[in-house]
Amino acid sequence: MLTTRPRGTNDITPETIARWHHIEERVRQICREFNYQEIRTPVFEHTELFVRGVGDTTDIVEKEMYTFQDRGGRSLTLRPEGTAAVVRAHLQGKLPLPAKYYYLGPVFRYERPQAGRFRQHTQFGVEVFGTQHPAVDAEIIALAVEFFRRFDLVDLEVNVNSLGCPVCRPKYRKKLLDYLTAAGGCFCQDCRNRIERNPLRILDCKQPECREVASGAPAVLDVLCAECHDHFAELQRYLTRLGIKYRVNPRIVRGIDYYTKTVFEIISQDLGAQDTVCGGGRYDGLFAAFGGPPTPATGFGMGLERLLAVLEKSDYQFPKPPRLDVFVAPMGPQAMAVAVQLLQELRQAGLRCDMDYLGRSLRAQMRQADKLDSHFAVLLGEQELEQGVAAVRAMDGGQQVAVPLTDIKAYLLAKQNQLDLP
RNA sequence: GUGGAUGUAGCUCAGCUGGUUAGAGCGCCAGGUUGUGGCCCUGGAGGUCGCGGGUUCAAGUCCCGUCAUUCACCCCA
């Protein structure tokens, strides 16, 4: 059908674009304050980048990528997440360390849409390269929390966990598998699949039987090596120091292979089943996986459609859009010619103006001026033209005065306090 | 990929167990003011009842298929 958009995509129409502009401004503002630099990468990359970066057994790579061949036979993929491309761009540009980046743009995943999930959605993300210090993990969490706070969202829950490193994670994995096999094969079909692909996820199964088994399983946090243990403990100290309320949640696992040590999710009570509005963590192994020098890194991704959904359920007041300054209402062809010139003059002076081009009745034009929420209407009829004036009407109070055509610009600019000038 | 719900005017919806020209509110347009908005009144435009097939004398209504939307699972922002 030529009039239906692809499944899982959204149109942002003029009615809602102001909300997006507002959110985007807030993103840029907070990143400026935290000293993160914007980076823009292509929306598509070589498929191999995501296969290697995200992990070839992850759901994202196995069944959710928009992959296509270009005319040169290369396999390309619409980015399913932001991090891999930022790392690639940093390496390719031989950009200096330490580096703090943010990005804002669409990502694509082939999934069944539902509340808070789309095939194209918008992510705001940050990445910090070049330091392993837990204070940086705390900083990005603080950035997200402060960002939400500025929207009066203070009851979002920050969940943190540690997944260990190449030293301790395999040990834990083995220990968990030993426990699960000893506990017997009484798992649901989903968990039987999970046991090979990502056994940690069994801990998060919703089936009652699996939960019971999982409740007795060894915890990651008990098996961390000394370095990871200390790192996680320090992260928590920094969060406390920053006054950030958080919950240690061993079931935070994440679906991307590159995470090491810190992982976190910020969830909302006001969303449906897809309640994570921000998720991220540390990925100290990703640079090396791309053939770059080993470089510690941490970051998060935030789903802006989900943020918008939360805001729309909250009582947050978006700023009201600026009003039209002037609506010019000509009556008759001669007036039309004058109106066009007047409009040009006013616009050149920086006023936000429009006029009627449909040749409608004055009544209809006034209705239009009202609907556009204009501050002023400038009425041009034969009587006015004869006298070289226009009737300038203040829409709010209804006062109307005749102003010489040559003085209209000055007259309106003198009423700046009644206009929405920037 | 799996399961449930829903598709009637631009929007939100009504349409009883199948029965004659498919309705309402809001919105839109016009008129009520031969040149003046917001309130009010009057009138008007606008519908392949998602699409295709079937049952029937007769289908918006029942059946099958299909597409779309939506919620949930898997998984994720």
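Residues are numbered from 1 along each chain as its sequence is written, and chains are lettered from A and ligands numbered from 1 in the order in which they are written. Because the model is predicted, local features need pLDDT of at least 70 and side-chain atom pairs count only at pLDDT 80 or more, while totals for chains, interfaces and linings use all residues; side-chain values use heavy atoms, with hydrogens and water left out.

RNA strand B has 50 residues around it, and Arg 109, Arg 117, Arg 201, Gly 255 and Met 395 come nearest. Here a residue is near a molecule or strand if one of its heavy atoms lies within 4 Å of it. Among the atoms of RNA strand B that come within 4 Å of the protein, sugar and phosphate account for 48%. By class, this surface has 23 charged, 15 polar and 12 nonpolar residues. In that classification Asp, Glu, Lys and Arg are charged; Ala, Val, Leu, Ile, Met, Phe, Trp, Tyr, Cys and Pro are nonpolar; and the others, Gly among them, are polar.

Helices (H or I, at least four residues) and strands (E, at least two) are DSSP runs, numbered from the N terminus. Those that each supply at least two residues near RNA strand B include α3 (59-63), β6 (120-129), α7 (189-197) and β10 (276-282). Helix α14 (362-371) is also in this group, and the largest share of the surface, 7 residues, comes from α14.

A polar backbone atom of Ala 115 is 2.9 Å from a phosphate oxygen of RNA strand B. Bases are reached as well: a side-chain N or O atom of Glu 384 is 2.7 Å from a base nitrogen, and one of Arg 393 is 3.1 Å from a base nitrogen.

Buried means under 20% relative accessible area, exposed over 50%, and partly exposed in between, with a 1.4 Å probe and protein chains only. Two strands pair if DSSP finds at least two bridges between them. Strand β15 pairs in the antiparallel sense with β14 (residues 376-380) over 4 bridges, where Leu 379 stands opposite Ala 391. Strand β15 also pairs in the antiparallel sense with β16 (residues 400-404), over 5 bridges, and there Ala 390 stands opposite Val 403. The hairpin of β15 and β16 has 5 residues between the strands, and in it Gly 398 takes a positive phi near 95°.

The interior comes next. In soluble globular proteins, nonpolar side chains tend to be buried together. A nonpolar core is a set of buried Ala, Val, Leu, Ile, Met, Phe, Trp, Tyr and Cys residues joined through side-chain atoms within 4.5 Å. The largest one has 44 residues, and Phe 124, Phe 148, Phe 300 and Leu 307 have the most contacts inside it. Helix α5 gives the most to this core, with 9 residues. A second, separate core of 43 residues includes Ala 99, Ala 217, Phe 287 and Ala 297.

The side chain of Asn 161 reaches the backbone oxygen of Ile 252 at 2.9 Å.

Some backbone features remain. Most residues other than glycine have a negative phi, and most peptide bonds are trans. A cis peptide bond joins Leu 97 and Pro 98, with omega about -10°, and Pro 98 lies in the loop between α4 (83-92) and β5 (99-108). Asn 35 has a positive phi near 65°; this residue is in the loop between α1 (17-33) and β1 (37-38) and is partly exposed, at 48% relative accessibility. Asp 152 has a positive phi of about 65° in the loop between α5 (134-149) and β7 (157-162), and is exposed, with a relative accessible area of 56%.

Definitions and conventions. Polar contact = N/O pair within 3.5 Å; in protein donor to acceptor, adjacent residues only side chain to side chain.
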